[in-house]
Amino acid sequence: MGKTIAQKIIAAHLVSGDMTPGSEVALRIDQTLTQDATGTMAYLEFETMGIDRVKTEFSIAYVDHNTLQCGFENADDHRYLQTVAAKHGVHFSRPGNGICHQVHLERFGKPGKTLIGSDSHTPTGGGLGMLSFGAGGMDVAVAMGGGAYYITMPKMFKVHLTGSLRPFVTAKDVSLELLRILSVKGGVGAIVEWGGPGIATLSVPERATITNMGTELGATTSIFPSDEVTKAFLKTQGREGDYIPLESDGDAVYDRIIEIDLSTLKPMIACPHSPDNVVAVDSLKGVKVDQVCIGSCTNSSLLDMLKVAAMLKGKTIAPGVSLSISPGSRQVLSMLAQCGALTDILASGARLLECACGPCIGMGFSPSSGGVSLRTFNRNFLGRSGTKDGQVYLVSPETAAASALTGYITDPMTMEPIPAISLPESFCIDDSAVLPPAEDGSSVEVLRGPNIKEFPKSKAFSQNLAVEAVLKVGDNITTDHIMPAGAKILPYRSNIPHLSKFCFEVCDPSFPERAKAAGDGVIIGGSNYGQGSSREHAALVPMYLGIRCVIAKSFARIHAANLINAGILPLTFENPEDYDALEQGCKLELTDIAGGMAAGRIAIKDQNTGKVFYGSCELTQRQQKILLCGGLLNYTKEGGQ
């Protein structure tokens with residue numbers, strides 16, 4: 001039987017395990033990336049492991065999230081990251097150099113290689129034919145130390161593309177259409193491979209938009225073949241030598257095949273407050289727009305920006321609209337300036353922001369109270385923008401530009417045509433903002449500011465555990481609900497004690513105090529608990545507050561792994577109806593925990609009613625040992641592999 005693209009790369013990097021779907025596999029990792037919102041903790045964890053130099057082919061620390069420096073905290077973190085990277089063999093991308101996924105796609109991604117990053121949108125690299133996974137910082141730290149990355153062997157989905165996109169219909173619309181079909185949990189447990197004759201019409205930046213948005217499906221990752229389109233892109237970056245051809249076998253078997261005819265698609269829009277709440281743009285014609293944001297790791301490539309510039313040229317944005325532009329990298333910004341497109345953008349009344357994540361992570365440019373904000377981003381969770389009642393819609397750059405000009409949600413297909421946009425034969429290459437590590441790191445002093453606190457200590461499990469249900473929440477709780485982002489909170493990502501004050505602030509501001517008072521606690525969750533960002537703080541902070549277990553109807557993949565790494569036991573209701581019977585504040589007792597882990601089900605007694613129900617836990621022997629030790633760092637220190 002033939003192999004898919006992902007199966008070929010997994011087989012070439014397999015350290016141990018069985019490639020049968022549902023089995024655990026350990027993979028050798030070629031590259032790692034971190035960003036500053038998660039990276040500080042990842043390098044603190046790496047230092048705790050006591051390894052002098054990273055053992056990957058290439059590792060890099062990006063600064064692209066916490067770039068607003070309203071106090072010393074972010075600047076101190078940047079200084080720590082630069083010095084710890086220099087000491088331990090990690091490249092350092094300076095603030096302003098660009099968003100990690102855009103820069104990595106341009107300068108460092110390689111077809112056929114494996115990459116994990118402490119950011120959930122690391123699968124962007126799949127646009128180059130790279131097997132790229134979002135992961136928690138602890139998993140990245142272990143990989144940098146030479147350890148394997150463990151995942152459950154995924155199922156294989158294929159999206160078969162035919163036809164070609166009409167003018168003003170984009171890769172973003174392809175992604176939104178798939179989200180409409182599958183939902184935010186329709187890709188859980190699967191790798192999405194893109195194929196068919198339609199892919200030949202999509203450039204690498206367009207492919208990267210699609211693989212970036214695959215994260216919102218809950219997919220393990222997404223990937224395109226490495227073909228002549230890939231080769232041409234690498235050549236423009238002066239990296240043709242990194243090219244290898246890579247495609248699936250003709251007799252490869254997929255668990256599901258989805259057909260999409262590109263020529264039939266129309267501009268799509270995700271309505272508040274979920275990326276899968278998708279309708280056609282023309283169905284919302286006439287909705288007034290207050291703000292438009294163009295950029296983020298999803299849609300900030302040179303191709304995206306040139307199309308926006310062409311639409312804005314000679315025009316002025318509507319009086320009631322505030323428009324921001326965030327180029328994805330210094331390379332993109334430089335080339336916009338050189339060709340005059342930046343002048344066209346600025347002349348329209350747009351505001352130029354830094355080459356960083358910015359508004360996407362709630363770091364500035366929040367909408368007005370109740371304001372309608374159209375964003376070319378990948379997430380529109382409630383409150384993520386920094387405005388609690390902001391009405392955030394996800395759109396393509398073309399829909400965003402059209403709406404900024406009219407002041408209302410506008411189908412770009414109704415706008416006047418623009419000239420065809422083609423990418424240049426060579427890009428402006430300047431890697432001076434990427435600092436190489438010291439050849440000998442022994443003399444490098446790692447500088448730590450007062451906001452950088454020690455990694456919190458977790459507790460090992462005893463045989464039985466009495467806990468209080470400190471919080472009960474519903475379906476699709478995101479990591480933004482658990483551990484919010486934004487300019488107020490992000491500077492404390494390296495300070496877990498202070499960060500804990502904001503845990504579940506969106507759902508219940510009293511949670512932190514109640515969790516600390518309870519001692520040992522449990523959270524009751526609905527379906528798809530922990531979707532969204534890979535931020536391990538959504539596990540580390542509850543652990544710090546005393547949460548020992550989360551019982552949910554189902555979990556998002558990365559968050560479940562982060563819970564285990566933090567020493568928190570993730571259980572799923574064996575009978576989903578038991579969720580309804582539990583009340584916040586009830587007392588629960590878990591019995592024979594080690595035996596239950598081995599058996600795959602743990603008995604839980606509701607001490608208020610006397611009822612016994614069961615929580616399922618499909619844990620590998622390695623995961624059981626990690627939990628019984630109290631987390632991955634404890635397990636690693638004790639010699640676990």
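This is a predicted model: local features need pLDDT of at least 70, side-chain atom pairs count only at pLDDT 80 or more; totals for chains, interfaces and linings use all residues.
Two strands are counted as paired where DSSP finds at least two bridges between them.

**First stop: the six-stranded sheet**

Select the six strands that form an open sheet of mixed pairing, in the order E7-E6-E3-E4-E5-E20. Its edges are strand E7 (131–134) and strand E20 (434–435), each of which pairs on one side only. Next, display strand E3 (residues 31–35) together with strand E6 (residues 114–117): the two run parallel and are joined by three bridges. Within this pair, leucine 33 stands opposite glycine 117 in E6.

**Second stop: the four-stranded sheet**

Now select the open sheet of four strands, whose order is E11-E10-E9-E12 and whose pairing is parallel. Strand E11 (221–223) and E12 each have a single partner strand, so one side of each is left without a neighbour in the sheet. From one strand to the next, the twist averages 20 degrees.

Focus on strand E9 (residues 155–162) and strand E10 (residues 190–195), which run parallel and are joined by six bridges. Histidine 160 is found opposite glycine 195 in E10.

Select H8 and colour Thr230, Phe233, Leu234 and Thr236, which are buried. Viewed down the axis of H8, the buried residues fall within an arc of 160 degrees, so they line one face of the helix. These buried residues pack against helix H4 (100–107) and helix H7 (204–213). Turn to the other side of H8 to find Glu228 and Lys235, both exposed.

Proceed to arginine 239, in the loop between helix H8 (228–236) and strand E12 (256–261). Is arginine 239 buried or exposed? Its relative accessibility is 7%, and because buried means under 20%, arginine 239 counts as buried. Show its surroundings: arginine 239 touches His104, Leu105, Glu106, Arg107, Phe108, Gly109, Lys110, Leu128 and Leu234, residues up to four places away in sequence not being counted.

In soluble globular proteins, nonpolar side chains tend to be buried together. The largest nonpolar core here has 104 residues, of which Phe504, Phe511, Tyr529, Leu569, Leu588 and Leu590 touch the most other members. Helix H5 (residues 137–144) gives the most to this core, contributing six residues.

Centre the view on phenylalanine 504. Leaving aside residues up to four places away in sequence, phenylalanine 504 touches Leu471, Val473, Ile477, His481, Ile482, Pro509, Phe511, Ile523 and Tyr529. A second, separate core comprises 39 residues, including Ile269, Val289, Leu342 and Ala400.

**Last stop: the cysteines**

How many disulfides are there? With sulfur atoms required to lie within 2.5 Å, the count comes to zero. Select cysteine 360, whose nearest cysteine sulfur, that of cysteine 297, is 6.0 Å away. Cysteine 360 counts as buried, at 9% relative accessibility. Finally, select cysteine 507, which is also in no disulfide: the nearest cysteine sulfur, that of cysteine 503, is 9.3 Å away. Cysteine 507 is partly exposed, with a relative accessible area of 34%.

Technical notes:
Residues are numbered from 1 along each chain as its sequence is written. Side-chain values use heavy atoms; hydrogens and water are left out. A nonpolar core is a set of buried Ala, Val, Leu, Ile, Met, Phe, Trp, Tyr and Cys residues joined through side-chain atoms within 4.5 Å. Buried means under 20% relative accessible area, exposed over 50%, partly exposed in between (1.4 Å probe, protein chains only). Contact means heavy atoms within 4.5 Å. Axes are lines fitted to C-alpha atoms, for helices over the stretch in contact, and angles run from 0 to 180 degrees between N-to-C directions. The arc is that of the directions from the helix axis to the C-beta atoms.
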